[in-house]
Amino acid sequence: MPQLLDESLWYKDAVIYQLHVRTFCDSNGDGIGDFRGLTTKLDYLQELGINAIWLLPFYPSPLRDDGYDIADYTSVHPSYGTLQDFKDFLTAAHNRRIRVITEMVVNHTSDQHPWFQEARSSRDNPKRDWYVWSDTDTRYQDVRIIFVDTEMSNWAWDPISKAYYWHRFFGHQPDLNYDNPAVRQAMWEVMKFWLDIGVDGFRLDAVPYLIEREGTSCENLPETHEIIREFRQRIDLAYPGKMLLAEANQWPADVRAYFGNGDEFHMAFHFPLMPRMFMAVKLEDRKPIIEILEQTPQIPPNCQWCIFLRNHDELTLEMVTSVERDYMYDEYAGDKAMRINLGIRRRLAPMMENDRRRVELLTGLLLSMPGTPIIYYGDEIGMGDNVYLGDRNGVRTPMQWNGGWNAGFSTADPERLYSPLISNPVYGYQAINVDSQRRSAHSLLSWTKSVIQTRNAFRVFSRGSIEFLNPSNHRVLAYVRRLGEEKVLVVNNLSNSAQAVELNLQMYKRHIPIEMFGRNLFPRIGDLPYLLTLGPYQFYWFRLRRI
Amino acid sequence: MAEESFLADDFLRQLMSVGEVDLLVGIPSHNHASTLLQALHCVEETLRQNFVRERAVILNVDGGSTDDTRKLFIESSERRDVAHKGLTSLRTIHRISVEYDRSPSQGLALHHIVAAADLLRARACAVVSPGTTNLTSNWVANLLRPVYREGLDFVAPLYARSRFQGLLARDLLYPMSRAVFGQRIRELYSDEWGFSGRLATQCLEKEVWQEEAMRARPEAWMAITAIGGGLKCGQYFLGPKPASPAGTSPDLVDAIRQTVGNLFWCMEINEPQWLNRSSSQPVPTFGPDHELSSDGVPASPEKIFDLFRSGVNELEPILASILAPETHAQIKAIALSDRLKFHFAAELWVKTLYEFAASYHHSVLNRDHLVQALVPLYRGRLYSFLLEHANSSPEVMETRSEMVCQEFERQKPYLVERWTTKH
């Protein structure tokens with residue numbers, strides 16, 4: 001595999017592409033995407049410029065939660081191919097300098113998993129203690145319910161063993177009992193299995209909820225961190241260079257603990273930043289972004305935040321105030337069908353009302369702020385959603401490759417597809433697809449390639465510090481990224497109208513700003529505040545060079 | 001030759017940075033370092049609690065403070081609500097400051113505020129005074145909300161007062177302005193009020209900003225401009241009006257010069273608006289339209305009477321040039337009456353005021369001197385009021401006040417006659 005400059009920190013320089021194998025490309029015409037199909041699309045992903053793929057769960061599963069209800073951790077769901085198909089895909093990705101991150105749903109299994117089937121079979125079964133059981137449903141009363149739309153309690157009654165079992169998510173997803181060393185060992189064996197095959201890292205799902213203790217919220221408990229440290233230690237010893245990514249939908253100060261002293265997770269999602277980027281653009285005010293980043297603590301040097309705009313879940317509004325949530329609902333989810341749980345089930349382009357300028361602005365923010373960016377499949381071409389499909393399936397529709405049969409996704413009859421295609425006149429596959437956008441140098445796809453290419457060319461974006469400028473015009477968000485002598489000035493107009501802004505760049509006096517996409521020189525920075533004008537939603541990236 | 005703008009470049013630069021807003025709150029100041037932050041935080045709290053989504057700016061217009069008022073305004077940080085991890089209002093609450101002159105002028109301050117409101121296309125604005133010691137976030141919200149949400153163009157405050165507080169407003173300014181301009185706005189002269197961006201734009205276009213009468217009390221002119229422009233006015237009950245801190249309230253002579261002088265001037269420049277208007281209409285009122293408490297005692301009424309009597313004597317030639325002979329004679333007669341049986345009747349009071357207004361209009365003498373000549377007569381009326389109501393209940397006093405208002409309306413044809421005919 002080609003070597004990066006600092007191999008062990010590869011995740012800091014990554015641009016991650018998130019996809020579900022089911023959604024991407026169907027090679028055998030059964031209407032469901034598979035690994036063979038995905039492998040045929042690796043050239044496209046390489047061309048896009050991403051260098052890591054995050055795969056959503058592809059394991060055998062009853063698929064009652066889109067694969068997050070795993071019934072077998074060490075195999076591939078037959079709909080997606082075989083384990084050999086996965087290995088072939090992995091090799092092909094690595095050959096293209098693309099790393100692969102897989103899902104590790106550690107908190108819970110499907111109720112169809114053999115572990116749970118054994119555990120519920122009798123109270124004396126050796127696996128009984130692999131899950132959390134109770135004769136009453138009154139324990140852990142301080143714990144919130146996450147899926148408020150569907151679940152009334154975190155306890156579910158098991159009629160077979162006549163006891164309640166604990167579940168933080170759906171009732172068909174019993175939580176594993178991490179107080180049991182056998183569970184920790186079993187999960188480590190699962191990780192080893194995939195690491196031996198060659199995966200480059202895991203996204204650990206729902207990590208704050210591993211441990212339960214009476215009188216607490218059962219989130220972020222010290223014992224949970226002990227378990228993470230144990231996994232990390234084992235990985236560092238046996239599989240150096242592999243990466244752990246935390247899914248902890250918490251405030252930055254709480255997530256900070258998951259980095260430990262650089263001995264827990266390598267990366268963690270910055271959940272609260274995401275809705276605030278959307279909020280800032282709608283409010284036309286940089287305040288939400290600045291505020292949340294001001295509250296974001298420093299992390300160890302070997303760690304990195306993961307940032308994203310959209311993903312396979314709803315746009316979560318758990319990490320906002322109720323006032324902010326109401327605002328987001330009103331502005332981005334006027335139709336109640338767009339809302340689910342505490343969030344919004346929409347894709348990037350429809351949320352931006354298909355306004356190319358706003359899509360580009362947000363993508364520009366994603367790629368220029370500190371952290372490893374994640375691009376959700378289809379957002380690079382401006383795919384739409386279908387909020388009437390139920391659950392979050394509206395943002396998990398087939399990838400739109402061309403304007404032909406089934407959007408080029410599958411040769412199956414359309415009725416057989418795992419999900420209907422987006423077919424409306426605005427976002428439908430006839431209008432929005434990879435092939436047509438490949439043909440235009442000015443398409444969103446071409447633009448996205450160009451901006452990723454620019455980011456990849458300058459390590460300051462992935463590893464540099466950030467210093468916010470504080471121009472009096474609050475519609476403008478400006479910051480300087482800096483890594484050694486490499487300096488990049490980023491100026492974003494968050495508003496729908498032209499703006500003038502004066503920047504205090506005295507620290508960079510005599511530097512020449514060079515616009516990074518057109519490589520044009522701008523006037524040298526002098527004694528006076530640096531005046532820039534920006535069109536609606538326009539942004540600039542400047543290299544600051546002292547020549 | 002390019003025309004000079006009264007707006008400084010730096011102020012324009014600040015406005016440019018703020019951009020379009022929904023709400024603007026102006027805080028005129030002059031050496032208010034000790035109380036400014038309280039007002040500022042109160043306004044910020046208003047915006048955070050009531051207008052969390054709106055684009056807002058707080059504008060400090062300063063008349064040459066020498067006590068760091070502006071520095072405090074600019075440099076103090078926004079007080080944060082820690083309940084939500086330090087997150088507060090959705091948007092930046094902009095804060096800008098300008099020194100409009102080296103000496104204070106409410107008119108110049110307001111000129112800058114309405115110019116900012118116009119340029120920033122503010123929908124609702126309020127002016128609050130950092131000198132108001134019991135300003136609350138509710139006050140500010142109640143001035144902004146009827147404009148922003150109910151579509152009013154001018155919102156005057158209503159205050160709860162003790163029986164003998166605010167008599168100049170109750171016995172002169174309110175009944176006379178009500179009779180003249182036809183709208184029942186009780187507090188035309190106040191330190192806090194709200195107005196719309198639309199009204200700000202209309203006001204900005206008027207060529208009155210350099211007038212002396214605008215210097216101290218421009219707010220009534222703004223309300224009268226709204227009435228004249230057919231815009232909607234209302235009033236909002238705010239609560240108890242605090243007594244001005246010692247040494248900060250103008251003495252009676254200044255108060256009358258600033259308010260009555262301004263009222264006469266407003267009548268002068270808005271003559272077509274009111275000459276043919278008869279009767280008055282209530283305006284939308286939020287909360288009780290008045291509230292008198294039974295506390296408060298009149299101060300030194302005997303001294304007031306003495307000042308009335310000596311004033312009538314000393315100013316006899318001046319009063320003779322202002323008043324009709326019979327009015328003058330009646331005043332001289334009551335000035336000679338027994339102190340304990342003294343009575344300055346509402347009918348005479350109204351006639352006196354209307355004759356003063358007409359004489360102001362006809363410039364029978366220096367207008368400032370003319371207005372000052374009203375001071376002893378007001379003292380006489382005040383003394384009579386205090387005698388009459390020493391033991392009256394608030395309800396009785398309010399009934400009598402309404403009768404005074406009706407007397408002003410009844411005699412309005414007399415005002416029109418005196419106004420249009422030089423005697």
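Which residues in α12(B) meet which residues in α14(B)? Before I answer, some conventions for this predicted model. Residues are numbered from 1 along each chain as its sequence is written, and chains are lettered from A and ligands numbered from 1 in the order in which they are written. In this predicted model local features need pLDDT of at least 70 and side-chain atom pairs count only at pLDDT 80 or more, whereas totals for chains, interfaces and linings use all residues.

To the question, then. B:Phe308, B:Arg309 and B:Val312 in α12(B) meet B:Ile331, B:Lys332 and B:Ala335 in α14(B); contact requires C-beta atoms, placed from the backbone, within 7 Å. By class, this contact of α12(B) with α14(B) has four nonpolar, no polar and two charged residues. Here Ala, Val, Leu, Ile, Met, Phe, Trp, Tyr, Cys and Pro count as nonpolar, Asp, Glu, Lys and Arg as charged, and the others, Gly among them, as polar.

Helix α12 spans residues 301–314 and helix α14 residues 325–335 of chain B; their axes come within 9 Å and cross at roughly 135°. Helices (H or I, at least four residues) and strands (E, at least two) are DSSP runs, numbered from the N terminus. Axes are lines fitted to C-alpha atoms, for helices over the stretch in contact, with angles from 0 to 180 degrees between N-to-C directions. α12(B) and α14(B) are therefore oblique to each other: angles under 35 degrees count as roughly parallel, over 145 as roughly antiparallel, 65 to 115 as roughly perpendicular and the rest as oblique.

A second pair in chain B is α6 (residues 167–181) and α10 (residues 252–269), with axes that come within 11 Å and cross at roughly 5°. That makes α6(B) roughly parallel to α10(B). Among the contact residues are B:Leu172 and B:Met176 of α6(B), and B:Val260 and B:Leu263 of α10(B). The contact divides into nine nonpolar, two polar and no charged residues.

Now the two chains together. Their contact takes 14 residues from chain B and 17 residues from chain A. On the side of chain B, helix α1 (residues 9–18) gives the largest share, three residues. That side holds four nonpolar, seven polar and three charged residues.

Finally, chain A, which has 16 helices and 21 strands. An open sheet of three strands runs in the order β11-β13-β12, with antiparallel pairing; strands pair if DSSP finds at least two bridges between them. Its edge strands are β11 (315–316) and β12 (339–340) of chain A. A:Thr316 stands opposite A:Gly343 in β13(A).

How values were computed. Contact = placed C-beta atoms within 7 Å.
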